[in-house]
Amino acid sequence: MANLKAVVRKQRADGMYPVYIRIVHRRKMGYIKTDKIIGPKSLTKQGDIKDAVVNEYCSNLILRYTDKINRKDISAFTMKELIEYLTLDDGEQCFSEYAQLHIRRMEQRGQIRNAKNYKLAVQHLERYIGTNRVMFSHLSSAVLKRWIESLAMTNRAKEMYPVCVRQIFKAALLELNDDERGIVRIKFNPWLKVQIPKSDNGVQRAISAEACREFFNRPLPQTKMLSSLPELGRDVAMLVLCLGGINTVDLFEMRKDNYHNGVIGYKRAKTRHARRDEAYIEMRVEPFIRPVFEKYLAPEDDEYLFNFHVRYCDSDSFSANVNNGIKKICADMGMRKEEYYCVYTFRHTWGTIAQNDCDANLYEVAFGMNHSHGLKVTRGYVKIDYSPAWRLNAKVIDFVFFTDKPSKQGRAKDIDEPEEKLFRLSKKMMVYARAYFKGAVLAELTDIGFNNVDEVIKVLAAKLPKDIAAGCAVQFRIQNCDKGTEVVYERTKGKGF
């Protein structure tokens with residue numbers, strides 16, 4: 001049998017004493033703090049409490065605790081379990097408060113993006129019920145069914161929001177209820193009678209290679225901003241398309257430690273906490289995309305690989321601005337609003353072109369896009385060779401930017417070809433060079449007598465049609481025939497040539 005008594009412990013800095021209920025159980029001592037405090041004059045010389053009001057309050061509290069003890073076999077309880085049992089709130093439990101706690105724990109575990117989805121789900125449920133203090137008793141199966149029906153017109157939320165709320169409810173059942181000790185804070189589980197609908201199939205955002213060429217090779221809209229959003233949108237869209245469909249959050253969060261010897265290695269933010277291999281992938285930076293890649297590199301003393309974090313507070317803000325820049329280009333192209341591209345368009349496009357035009361099967365596409373593709377266990381212990389994804393990425397770049405028809409012209413760098421840090425020319429070396437616009441070869445030359453790349457580009461630029469608009473990007477592919485090396489450059493009319 002536990003012994004209970006009202007006592008004081010240490011004196012506070014202001015001279016007052018907090019009042020506790022001391023518990024002695026199985027030769028161990030524990031304390032339950034009350035909301036009462038007393039001064040030194042309310043204590044006897046022996047340290048006992050003599051304040052009548054406080055004694056009455058504590059006596060009633062001890063009676064309530066004693067009644068709970070008498071109703072339960074506590075002989076096997078530890079002190080922690082006994083205090084938890086006695087302080088158990090018999091009142092109604094608040095779902096909203098527990099949901100906030102659950103979401104904070106997710107954030108502490110690094111599940112930031114998933115936590116945002118959970119927060120959106122809880123906020124929608126609170127708006128539907130009409131209070132930000134939703135109680136567990138409010139969540140009957142009938143209420144939940146009506147709430148889910150209100151989501152029927154959404155594509156994904158009708159499945160995602162109920163699943164998030166159900167997961168929070170399940171966690172609460174495990175944490176707040178204890179069937180072994182007879183503690184039942186949540187009286188029922190309404191989800192046993194609720195069926196969650198499936199979300200609609202994902203929207204096919206992919207565009208054709210011809211549409212990609214039109215997007216990337218047209219002049220950028222004029223803007224008064226010092227930092228052009230259309231330029232940011234175009235450049236990031238190109239990074240996404242040329243780095244295996246990488247997500248903007250991964251570009252934003254990329255650190256210098258993730259980049260070595262021309263290869264980025266990172267864990268995909270969206271699924272790193274849901275997969276055994278932590279969604280790790282490596283992707284080589286092809287020569288074609290390297291100028292854009294290096295354009296946004298952060299200073300040497302910055303831990304981030306890119307400087308996006310300097311302009312934007314988080315990945316969501318960065319992604320929103322990238323999408324705004326893409327939309328401005330789409331508007332300048334005369335597209336309808338419902339047809340505007342977004343950054344995810346170019347991730348979908350990578351996968352579609354890889355499968356439809358580069359002869360990759362769905363397994364290879366899934367591997368290149370860092371999907372688990374059903375081999376979660378295998379990926380967990382096999383040391384993965386990512387070079388097939390590199391080769392497929394090179395094929396996609398080649399098809400989009402260096403062809404204007406299904407047949408391919410040239411190739412991006414071969415997997416076994418050593419990376420050249422410097423591309424040098426001399427007057428005695430034979431040069432073969434081509435200029436591409438929207439995937440078509442508009443000028444080419446085979447000659448000697450060039451000292452550097454700029455001289456080659458100058459000769460090719462003079463051969464280009466005069467009707468190419470200012471601001472349009474042209475790709476130049478230059479090969480040193482004597483050394484067998486090749487580089488790719490992009491120049492903008494009016495700036496680069």
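View 1. Helices (H or I, at least four residues) and strands (E, at least two) are DSSP runs, numbered from the N terminus, and two strands pair if DSSP finds at least two bridges between them. This is a predicted model, so to speak of local features takes pLDDT of at least 70 and side-chain atom pairs count only at pLDDT 80 or more, while totals for chains, interfaces and linings use all residues. Residues are numbered from 1 along each chain as its sequence is written, and side-chain values use heavy atoms, with hydrogens and water left out. E4 pairs with E5 (residues 263–267) in the antiparallel sense over 2 bridges. Look for Tyr259 opposite Ile264 in E5.

View 2. H13 brings Trp350, Ile353 and Ala354 to the contact, and H16 brings Leu392, Asn393, Val396, Phe399 and Val400. By type, that is 7 nonpolar, 1 polar and no charged residues (nonpolar: Ala, Val, Leu, Ile, Met, Phe, Trp, Tyr, Cys and Pro; charged: Asp, Glu, Lys and Arg; polar: the others, Gly among them).

**View 3. Two aromatic pairs, out of 23 in the structure.** Rings of Phe, Tyr and Trp (its six-membered ring) pair if their centres lie within 6.5 Å; planes under 30 degrees apart count as stacked, over 60 as edge-to-face and the rest as tilted. Phe215 and Phe346 make a tilted pair, 5.2 Å centre to centre with 45 degrees between the planes. The pair links distant parts of the chain, with Phe215 in helix H7 (residues 209–217) and Phe346 in helix H13, 131 residues apart. Phe215 and Phe346 are both buried (under 20% relative accessible area; exposed is over 50%, partly exposed in between, with a 1.4 Å probe and protein chains only). Tyr280 and Tyr386 have ring centres 6.0 Å apart and planes at 75 degrees, so this pair is edge-to-face. Tyr280 is in strand E6 and Tyr386 in the loop between helix H15 (376–381) and H16, so the pair ties together parts 106 residues apart in sequence. Tyr280 counts as partly exposed at 28% relative accessibility, whereas Tyr386 is buried at 8%.

**View 4. Ring pairs link a cluster of aromatics.** Its members are Phe252, Tyr259, Phe293, Tyr296, Tyr304, Phe306, Phe308, Tyr312 and Phe318.

**View 5. Lys158, in helix H6 (residues 157–176), is a buried lysine.** Its relative accessible area is 11%. Not counting residues up to four places away in sequence, Lys158 touches Ile148, Leu151, Ala152, Ile196, Pro197, Lys198, Ser199 and Asp200.

**View 6. Strands E2 and E3 form a hairpin with 2 residues between them.** E2 (residues 17–25) and E3 (residues 28–38) pair in the antiparallel sense over 8 bridges. Tyr20 has Lys33 in E3 as its bridge partner. In the turn, Arg26 has a positive phi of about 50 degrees.

Key: Contact = heavy atoms within 4.5 Å.
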